[in-house]
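Subject: Structure handover and findings

Hello,

Here is the structure I promised to pass on. Please open it alongside this note.

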Amino acid sequence: MPLPNLITVEEFFASPVRAAARISPDGSRIAFLAPSNDRLNVWVEDLDGDAPARPVTADATRSVQMFHWTTDPRWLIYLQDNGGDERWHLMRADLDDQDAPAVDLTPFDGSTTFLMDLPIARPGIAIISTNARKVDEFDVFELDITSGALTEIERNPGNVAGWVYGADGTLFASTQDPDGAIAICRWDTAARELRPIAEFDGLDYPLGVFPIVPSPDGGLWLGSNRGTDRTRVVHIDGATGEETEIDAHPSLDLDTTGLVAPTMPQPLIVDPRTGALLGVRYLGERQDIRALDPRFEEVLDALRGLSDGDLGALNSDLDGNRWIASFVHDRVPGATYLYDHRTGESRLLFLPLPHLDPTQLAPMEPVTITARDGRALPSFLTLPQGVAPVDLPLVLLVHGGPWFRDTWGYHGDVQLLANRGYAVLQVNFRGSTGYGKAHMQAGIGELAGAMHDDLIDAVEWAVAEGIADRARLAIFGGSYGGYAALVGVTFTPDVFAAAIDYVGISSLPNFMATLPEIARPYLANNWIRYVGDPSDPEQLADMLARSPITKVDEIRTPLFVVQGANDPRVVQAESDNLVEALRARGVDVEYMIKADEGHGFVNPENTIDMFRATERFLAQHIGGRTEQA
């Protein structure tokens with residue numbers, strides 16, 4: 001097979017022509033993201049007419065990422081922050097007057113707003129939670145979308161970590177005590193107090209119980225691994241707390257990737273009108289959706305015939321007749337279809353990146369690697385096309401979290417690296433989610449320990465298999481993955497020939513001290529449990545010992561550091577301090593800071609700049625093609 005065409009960085013990372021389509025409640029229109037003002041904005045198009053699509057938002061500083069139809073056909077709402085600071089404001093777009101400017105419905109400085117519900121029976125009303133009153137307490141409000149009037153429904157009593165709004169107006173809440181125990185509570189409106197109905201061991205839920213979705217009978221559907229290794233779906237009676245298993249997969253975990261990345265498909269598929277549970281997503285090497293409703297099973301069978309990929313985002317009109325389905329695929333990203341269940345007809349709406357030729361992209365293959373202690377490490381290997389898989393330069397691409405996982409599908413960074421001639425290895429090391437709680441909990445106390453050993457064992461496997469050239473190994477990761485890259489060049493300085501740290505942690509104590517105030521009360525089950533409590537001198541010393549900043553003198557590997565100036569999770573000081581320490585030693589470290597970005601770049605010109613620099617950096621230190629080659 002000949003070498004694939006050299007695909008430019010812009011072709012991989014410029015804005016998609018269309019993406020993220022959602023159908024209107026009446027099924028007559030779609031809204032989607034597309035470029036306008038050099039940013040992704042929301043556009044609307046009639047499904048049955050000839051009128052051209054038109055933009056309905058006009059953001060010129062930052063791409064829109066999340067939007068929603070409302071139950072009033074005049075309004076569309078979307079969330080926007082300021083340069084990646086994650087202080088989300090709820091914005092209103094007028095679909096009747098395209099010249100009307102967007103309206104900020106939550107203009108509260110320093111606050112964050114989350115959309116909870118758009119009640120079907122109350123057109124023009126949104127239920128939101130916001131911390132405008134107190135930064136670490138979210139209160140619940142009713143928002144009149146037309147007037148912008150806010151009416152307080154309930155005020156946080158001080159210990160609510162998250163609210164859930166039921167179809168009948170019932171409020172549920174999750175709380176966490178200082179030791180990490182999680183309680184699911186029903187809010188007693190008359191007494192204005194929380195009444196616990198179910199309790200969970202926080203050790204099993206480092207980021208909280210997920211999902212929590214109201215059921216039509218006044219209860220809740222939850223993701224639970226109580227008494228099991230795998231997460232399944234249960235029903236909690238809203239009055240008694242009685243738990244009943246609804247569905248469980250024989251070998252896979254519930255897909256919980258949507259917890260960390262809300263723009264990803266959610267695990268429970270519900271009827272948009274009735275709230276009935278239609279289907280459940282599970283995820284292993286590939287996805288498995290189990291239908292719980294006979295009509296939805298017919299829809300699912302029809303949709304599966306449209307692509308050999310996995311179903312991604314899925315939404316329908318209120319009647320469940322017209323469906324928008326996008327597909328996850330390693331070489332055909334985001335193909336999006338319209339399906340009409342009344343007629344059985346379907347058509348391709350768009351390909352987000354139509355210029356990419358699937359035959360020029362590299363397949364992503366699942367592999368299982370055995371760690372030194374015998375633990376199975378589910379992984380993905382992407383090999384470059386057109387060259388023998390022997391003694392290749394290899395990039396170990398480490399996911400963030402660490403309570404997250406790598407998944408099969410199209411990833412622009414993976415495909416760019418493969419196109420440049422690199423083997424790409426992604427490892428779901430211990431501590432990753434999605435492979436049972438035993439695999440996740442095996443990461444407790446193992447940052448810069450067994451979690452890093454898993455990564456080293458994976459590259460050793462690739463070398464032993466003859467795939468990778470030991471002298472041309474690189475490590476690249478973002479967030480926790482950036483920390484892993486720094487651990488790689490400090491704790492094992494002779495393994496990697498190049499490293500890229502993207503918004504990564506250099507000091508574990510400083511990282512925990514500078515986390516947003518809204519996160520700090522809930523660290524007991526994640527960072528404190530897995531890493532340590534910085535208020536304890538002995539644990540603080542251990543955390544420092546596991547921090548790359550304390551071993552900066554060990555770094556002799558070429559390093560590229562990337563940071564968003566507005567990052568609220570891993571603040572700029574995490575990168576500044578590392579770079580300053582290296583430069584004080586006379587080490588030439590490449591450092592890229594973007595003033596208008598946060599925890600991960602959104603605007604395309606910044607992403608393109610980063611990957612142009614990445615391409616040059618890796619070519620210089622471990623070989624590989626570049627656009628200039």
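This is a predicted model: local features need pLDDT of at least 70, side-chain atom pairs count only at pLDDT 80 or more; totals for chains, interfaces and linings use all residues.

Residues are numbered from 1 along each chain as its sequence is written, and side-chain values use heavy atoms, with hydrogens and water left out.

Cavities and pockets

Both terms rest on a 1 Å grid over the protein atoms alone. A cavity is a set of points where a 1.4 Å probe fits but cannot get out. A pocket is an open set with protein on both sides within 12 Å along at least five of seven lines. Lining residues have an atom within 4 Å of a point. Points are joined across faces, edges and corners, and a volume is the space filled by probe spheres set on them.

The count is three cavities of 30 Å³ or more. The largest cavity has a volume of about 290 Å³. Its lining has 24 residues, with Asp204, Thr231, Thr256, Thr433 and Met440 closest to the centre. By class, that lining holds 11 nonpolar, nine polar and four charged residues. Here Ala, Val, Leu, Ile, Met, Phe, Trp, Tyr, Cys and Pro count as nonpolar, Asp, Glu, Lys and Arg as charged, and the others, Gly among them, as polar.

Strand E21 (253-254), H2 and helix H5 (437-441) each supply at least two residues of the lining of the largest cavity. H2 gives the most, with three. Helices (H or I, at least four residues) and strands (E, at least two) are DSSP runs, numbered from the N terminus.

The second largest pocket has a volume of about 230 Å³. It is lined by 15 residues, and Pro558, Leu559, Asp588, Phe617 and His621 lie nearest its centre. Helix H12 (residues 604-622) gives the most to this lining, with five residues.

Surface

Leu207, Leu259 and Val260 form a nonpolar surface patch, with about 200 Å² of accessible area together. Patches take residues with over 30% relative accessible area and no salt bridge; like charges are joined within 9 Å, nonpolar side chains (Val, Leu, Ile, Met, Phe, Trp, Tyr) within 5 Å. Areas come from the Shrake-Rupley method with a 1.4 Å probe, and for residues only the protein chains shown count as cover.

Val260 lies in helix H2 (residues 257-260). Val260 is partly exposed, because its relative accessibility is 34%. Buried means under 20% relative accessible area, exposed over 50%, partly exposed in between (1.4 Å probe, protein chains only).

Salt bridges

The structure holds 41 salt bridges. Each is a side-chain nitrogen of Lys or Arg within 4 Å of a carboxyl oxygen of Asp or Glu.

- Arg195 and Glu193 meet at 3.1 Å, N to O. Arg195 is partly exposed at 40% relative accessibility, and Glu193 is partly exposed at 35%.
- Arg472 bridges to Asp469, with the closest N and O atoms 3.1 Å apart. Arg472 is partly exposed at 26%, as is Asp469 at 21%.
- Asp542 bridges to Arg546, with the closest N and O atoms 2.9 Å apart. Asp542 is partly exposed at 33%, whereas Arg546 is buried at 19%.

Salt bridges that share partners also join Arg133, Lys134, Asp136, Glu137 and Asp139 into one network.

Best regards
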